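Have a look at the model first, then try each task before reading on.

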Amino acid sequence: MPGDVIACATSDVLDAEGVAAAIRSTPWGDAAATVVGYGAMGTEYVKALRALGAGRIRVCSRSAGRLEPLRGVDGIELVTGGVEALSCRPEPGEVGIVAT
């Protein structure tokens, strides 16, 4: 579940393959995520979250034009005006990604 610790500063530290396996095994269907920034990296994060099956994705961008390809996509909320326009509270366990 998002919010769970998948690695710690002991001998249990995971390598990249272990982290990827932990992410893939997480039940994302009820998970929420906010991606701040929808440039090249933000676009890739949204693709990855959708591929993982994240239930709700909020995407925040300064420019409304950048978000046009996502308009009307089920499960995606669009916020324009930059991070200053985010007036919501994160849900418990929500994943936050800053991609600016």
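**Exercise 1. Find the bridge partner of Val-35 in β2, then place its strand in the sheet.**

Step one: Val-35 bridges to Val-59. This is a predicted model, where local features need pLDDT of at least 70, side-chain atom pairs count only at pLDDT 80 or more, and totals for chains, interfaces and linings use all residues. Residues are numbered from 1 along each chain as its sequence is written, and side-chain values use heavy atoms, leaving out hydrogens and water.

Step two: β1 (residues 32-36) runs parallel to β2, with 5 bridges between them. Strands are DSSP runs of E, at least two residues, numbered from the N terminus, and two of them pair if DSSP finds at least two bridges between them.

Step three: read the open sheet of 4 strands as β3-β2-β1-β4, paired in parallel. Its edges are β3 and β4 (95-98), each pairing on one side only.

**Exercise 2. Is Arg-58 buried or exposed, and what does its side chain meet?**

Step one: find Arg-58 in β2 (residues 56-61).

Step two: its relative accessible area is 10%, so it is buried (under 20%; exposed is over 50%, partly exposed in between; 1.4 Å probe, protein chains only).

Step three: the Arg-58 side chain has a polar contact with that of Glu-94, at 2.9 Å. That term means a pair of N or O atoms within 3.5 Å; within protein, one must be able to donate a hydrogen and the other to accept it, and residues adjacent in sequence count only if both atoms are side-chain atoms.
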